[in-house]
Amino acid sequence: MNAMELLSWSRGPGLGIATAVFLFGMLLRLFEIYSLGRKPDLAPARPNSPGSGWRTIISRSVPEAPVFRRSAVTLTSGYLFHIGFFIVLLFTVPHITLFESVIGIGWPALPTPVVDLVAVVAIIAMLVSLLHRLLDPVKRFLSGFGDYVAWSVTFLPLLTGYMAHHHLLPDYTLMLAIHILSVELLLVLFPFTKLTHMLTLFIARWYNGEWFGHKGVAS
Amino acid sequence: MSGLGDIGIAVQEPGGDANARAVLREIETLLERLLASGEGGSIDLGGLPLSGADYELLEATLGHGEVSAVIDSLGPTDVIETAIPGVWWLTHCNAAEEVMAEFIEVGWCPQIVLAAQEDVSDGLQRLRAALKEDGNAG
Amino acid sequence: MRDETMLELLRRQGVSRRGFLKFCAATASMLALPPSMAAAVAEAMATARRPTVIWLSFQECTGCTESLTRSHSPTLESLLFDTISLDYHETLQAAAGTAAEAAREAAMQNAWGNYLVLVDGSIPLKDGGVYATVAGKSNLQTLREVAEGAAAIVSIGTCASYGGLPYAKPNPTGAVPVSEIITDKPIINVPGCPPIPVVMTAVLAHYLTFGTLPELDGLGRPKAFYGESIHERCYRRPFYDRGLFAKSFDDEGARNGWCLFELGCKGPTTHNACATTKWNQGTSFPIQSGHGCLGCSEPDFWDAGGFYNTLSTPITPVTGAATAALAAGAATGLAVTLANRRRKANARRAHPEVTIDDLEK
């Protein structure tokens, strides 16, 4: 199979399979979370509670100073990577045309040099976070196979995308095929790793906020 | 109904004149080599993506010197010495006067101008034949 | 006469050494060789014998022949075709019918093992190859027979090189490229729809001059002309790098000559010499005229997702797969939910009731 055939496969059946597995898996996860529900809290809700689910989603996005000081590297590299990743995913022209062809709407892009810089920052942030995971004794102790898999399948699209855009490997066709395949790998493994936090994070925060709010606490 | 002439078109000249500058630098190097070792060189202008601006810069910098020659073989070939002695501009055209190849040669004299061994011996044969006829007639 | 070298031929036509040098210089230029190699070309021309060339046209549109002959044929190319012995070309030759076929057979016998075969068009295989025949004989059979004594085969155009248009889905005639039928002879692919004329001539000139195949890439194409992609040499590259794209034909961006990526340009994945050598004696090429590259020198370019869809879009829409996946996910989710609920209810029912009397025992 030559590079062109690989590219055509990744843009054809490969994408279909990856999208199908991703959507199927994520929907199944949502059902698993919601279907059994939680035990009802029979105590009456405290009146005038300062806490609520929606408030917590936002409040936990901004860590308090002591929390930040204790996990500065993790939080900084984490935020830089996440924000960078989404800027690169959503605001570069080839990606926007892809979304436009799938969901029917597009949006303005950011200038290519800007996105390029953001991609570099995101890649560096990811490398820092991996290094920290390996060097910090607590994090190393806590890390398992799934953590490293999740890091790898997220890093590969960023790296290969940057390489493809800058024509860093001799054969662009092959590089583009590798980039698209790495995204498909990410999509396929997504529902089966901790990457599901993309959805469950907000569900979990909302639930916690509601639970505490019921008890009259802002969290 | 508007005609073809009403279609607005903008004719673009792609690129600047950076390639011409590179060629001029190469000519400089070849001239230095010629003076040092007696060996020149050749640059194939057809092998480079040269724009109109590139040609303008080359022509303006090199100019036209003392020598102009036309070689009539398989169509005309124009040989001119540029204003920089030792730098020759060769334009090979076919019988229909379309440009087939263009070279800048750096040397004491372009190879193609010199008479060739076999042509000279053929010419000698023809001259001898003509003299013999003359001898017979006169 | 057949055994003359190129130099002998030119001298016989009264061309001087100067003319021969001019011919060699122009040939070296056409072969994208440095001028210092003109001497090597001269040496080769002085010793190379006039080879026999047979041109076979199969399932094609004749665009490749048109491209080659409609080029304004500077003396170099016509000289080339004078010096090669083009012994068989259905469209160009004066002879026809059985006489022409006989001439071809004779030429093959005379030069067995040494002749060059040029093929344009794909070869249909379905139903015994009946979809392309000449005088009742299938092209498949003709190719096999003629290739047997060939020194090398040049597949001209994307149809002969990779299958081209007939090969596109659903490929009703079972078309295949030459390389899928002949596997024991050296094959040069010169793809393009059509190929740039000077590229075709240069490949022939290389073989005729040096008697060897030029350096080929992984897809069998001469690296001298197919080594780089259009994108790597495109003059609109600064706009791509700055992120300035034309959004539709004839909009502001298009009028300013911005990058045509969003209009479906396949330049990044297409290898050809269009951006440097250009078409019509260096006049222009599609992108310079405002239209994106079709990718015509690559395999499967007809099935690469549409000429006006960008490289980043899917070739087949994913909405079908997505809807099916969501439906399947919902169904499985419901099934899992019901199963879990039942298990929970059973567990609750099976849980033994404990009363205060049990505890006081």
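**Close-up views of a predicted three-chain assembly**

**View 1. Packing of helices α2 and α3 in chain C of the predicted model.** Helix α2(C) crosses helix α3(C) in a right-handed manner, a crossing being called left-handed if the near helix is turned anticlockwise from the far one by less than a right angle, and right-handed if clockwise. Helix α2 of chain C covers residues 17–30 and helix α3 of chain C covers residues 38–47, and the two pack at an angle of about 115 degrees with their axes 8 Å apart. The axes are lines fitted to C-alpha atoms, for helices over the stretch in contact, and angles run from 0 to 180 degrees between N-to-C directions. Helices (H or I, at least four residues) and strands (E, at least two) are DSSP runs, numbered from the N terminus. From α2(C), Leu21(C), Cys24(C), Ala25(C), Thr27(C) and Ala28(C) meet Ala38(C), Val41(C), Ala42(C) and Met45(C) of α3(C), where two residues are in contact if their C-beta atoms, placed from the backbone, lie within 7 Å. The residues of this contact between α2(C) and α3(C) divide into 8 nonpolar, 1 polar and no charged; Ala, Val, Leu, Ile, Met, Phe, Trp, Tyr, Cys and Pro count as nonpolar, Asp, Glu, Lys and Arg as charged, and the others, Gly among them, as polar.

The model is predicted, and local features need pLDDT of at least 70, side-chain atom pairs count only at pLDDT 80 or more, and totals for chains, interfaces and linings use all residues. Residues are numbered from 1 along each chain as its sequence is written, while chains are lettered from A and ligands numbered from 1 in the order in which they are written.

**View 2. Domain 1 of chain C against domain 2 of chain C.** The domain assignment of chain C gives domain 1 (1–49), domain 2 (51–224), domain 3 (228–316) and domain 4 (319–360), with bounds that come from an automatic or database domain assignment.

**View 3. The nonpolar cores.** The largest nonpolar core has 108 residues, and those with the most contacts inside it are Cys24(C), Val117(C), Val119(C), Leu143(C), Ile153(C), Val199(C) and Val203(C). Such a core is a set of buried Ala, Val, Leu, Ile, Met, Phe, Trp, Tyr and Cys residues joined through C-beta atoms within 7 Å, and a residue is buried if 20 or more other C-beta atoms lie within 10 Å of its own, exposed if 12 or fewer, and partly exposed in between, with C-beta atoms placed from the backbone. Not counting residues up to four places away in sequence, Val117(C) touches Ile54(C), Leu56(C), Val146(C), Ala147(C), Ala150(C) and Ile153(C). A second, separate core of 29 residues includes Leu15(A), Val183(A), Leu311(C) and Ala325(C).

View 4. Chain A has 11 helices and 0 strands, and its C-alpha trace spans about 65 × 40 × 35 Å along its principal axes. Of the 219 residues in chain A, 32% are buried. Among the 2 pairs of chains that touch, chains A and C have the most contacts between them, and this contact takes 33 residues from chain A and 40 residues from chain C. On the side of chain A that touches chain C, α2(A) gives the largest share, 11 residues, and by class this side has 19 nonpolar, 11 polar and 3 charged residues.

**View 5. Chain B and its contact with chain C.** Chain B has 3 helices and 5 strands, which follow the pattern α-β-α-β-β-β-β-α along the sequence. Here 24 residues of chain C are in contact with 27 residues of chain B, and α2(C) gives the most to the side of chain C that touches chain B, with 9 residues. By class, that side of chain C has 11 nonpolar, 9 polar and 4 charged residues. No contact joins chain A and chain B, whose closest C-alpha atoms lie 21 Å apart.
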